[in-house]
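The stops run from the whole chain to single residues.

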Amino acid sequence: MIYLDNAATSFPKPPEVTKAIARFLAEAAANPGRGGHRMAVNAERMLDDVRAKIARLVNGSDPSRVIFTLSCTDALNIAIKGVLPDERMHVVTTVLEHNSVSRPLQGLVDAGRVELTRIGCDGQGFVDPDDVRRALRPDTRLVVMTHVSNVLGTIQDVAAVGAIVREHGALFCIDAAQSAGVVPIDVAALHADLVAFPGHKALLGPTGTGILYVGERCPPPGRKLGSDPVDTTFRPWREGGTGGDSSSPTQPPIYPYYLEGGTPNTVGIAGLSAALDYVLAAGSEAMLAHERRLLERILARLDGDERFTVYGPRDTARRVGALSINIAGLDPNDAAAILDDGFGIAVRAGLHCAPYCHRALGTFPAGTLRISPGPFTTDDDITALIDALGQVAEAAL
Ligand SMILES: Cc1ncc(COP(=O)(O)O)c(C=O)c1O
């Protein structure tokens, strides 16, 4: 199988990840607990080690603000539902969002807790930061937006948006699902208060891992930290055991435990640890350059061929390795099925959980065919894809 669905989850994982998972599971998979036996303390230490690596990755000041989650969706739910108070507040988001942002927000709209402004994008798939500025209101509590569109691969100017949101005094939450691992994330430079990302995409970790980084302006109850705290009460979305002090009747107001009820996915996090080492050694820049070079080859083949529609900018410097196309006369779902059955090529078709983006592009409801190479995609894989696309387009005429 030629796997070109890395935007959904990366495959294959580096062999070191598989080995680390097997080793941890066979030798060290105790339930972490600060007050427990040696194995439990060591499992907790492993988690702390990974928190420190993640904090360095995003230039976060405090590893205890690295919250382990099950996925990016889980992290976004904790963030969005956690920082919005009971009284109705205004929230700004964009048409580029994945359903893991759009659906929790719609749920809050339906519950009468949120008034939502969804801003658009230009024809290439970029949000104008000035549109965010114009959407802000005195009662705007939160702006949530994606760093990179999962449909178009377009890298958004979140630094400019962050500066605008910070000046206004609202909270800024970034969905870094498609950027973490390939595009630098600096929570301070981006003025990000909450950053959610998966471990299983470009960070090359296993599924079942995700991260929420919680900035200083989102303190747990009773602890107003930082120079410019917003008056929030961050409410935990998931409550339960924390492996430490059990005497408190409610979730202890200390990060990371405040937001981490229940046994964490230690096995997956052990794999994520090895994945982070791999990504840091390989270098995000080199991995992104590899993806862009492969995209460039695909685009060069599609350029000027009227049987193909390419969405988003031609300039690969403005993208990560995700490309949406359509083939004339063919539903993208059928095209993906033909590529799978006839050529052994795995790509993703449809709406990619981002219906508002497709409405903006004019590709709703069928969607697009999304091709997303990864760090282990070879030139031969791309040659096979290009050849297959030509044959499929020819047959569709
Ligand atoms: C932009 C974006 N946000 C959020 C998610 C959800 O990530 P997860 O599958 O880890 O829940 C995805 C997954 O594809 C995504 O592309």
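Accessible areas come from the Shrake-Rupley method with a 1.4 Å probe, and for residues only the protein chains shown count as cover. By that method the chain has an accessible surface of about 15,700 Å², of which 52% belongs to carbon and sulfur atoms. This is a predicted model: local features need pLDDT of at least 70, side-chain atom pairs count only at pLDDT 80 or more, and totals for chains, interfaces and linings use all residues. Residues are numbered from 1 along each chain as its sequence is written, and side-chain values use heavy atoms, with hydrogens and water left out.

**Whole chain.** Show the C-alpha trace. Along its principal axes it spans about 70 × 55 × 30 Å. The radius of gyration (over C-alpha atoms; globule rule 2.2 Å times the number of residues to the power 0.38) is 21 Å, which agrees with the value near 21 Å for a compact globule of 397 residues. Buried means under 20% relative accessible area, exposed over 50%, partly exposed in between (1.4 Å probe, protein chains only). Of the 397 residues, 56% count as buried.

**Secondary structure.** Switch to cartoon. The chain has eleven helices and 13 strands; these are DSSP runs numbered from the N terminus, helices being H or I with at least four residues and strands E with at least two.

**The sheet.** Select the seven strands of the open, mixed sheet, in the order S2-S8-S7-S6-S5-S3-S4. Two strands pair if DSSP finds at least two bridges between them. Which strands stand at the edges? S2 (66-69) and S4 (114-119) do, each with a single partner strand, so one side of each is left without a neighbour in the sheet. Next, zoom to S3 (residues 89-94) and S5 (residues 140-146): they run parallel, joined by three bridges. His 90 has Thr 140 in S5 as its bridge partner.

Axes are lines fitted to C-alpha atoms, for helices over the stretch in contact (heavy atoms within 4.5 Å).

**The cores.** A nonpolar core is a set of buried Ala, Val, Leu, Ile, Met, Phe, Trp, Tyr and Cys residues joined through side-chain atoms within 4.5 Å. In the largest, of 46 residues, Val 50, Val 143, Phe 172, Val 195 and Phe 197 touch the most other members. H2 (residues 38-57) gives the most to this core, with six residues. Finish on Val 50. Leaving aside residues up to four places away in sequence, Val 50 touches Phe 68, Ile 269, Leu 272, Ser 273 and Leu 276.
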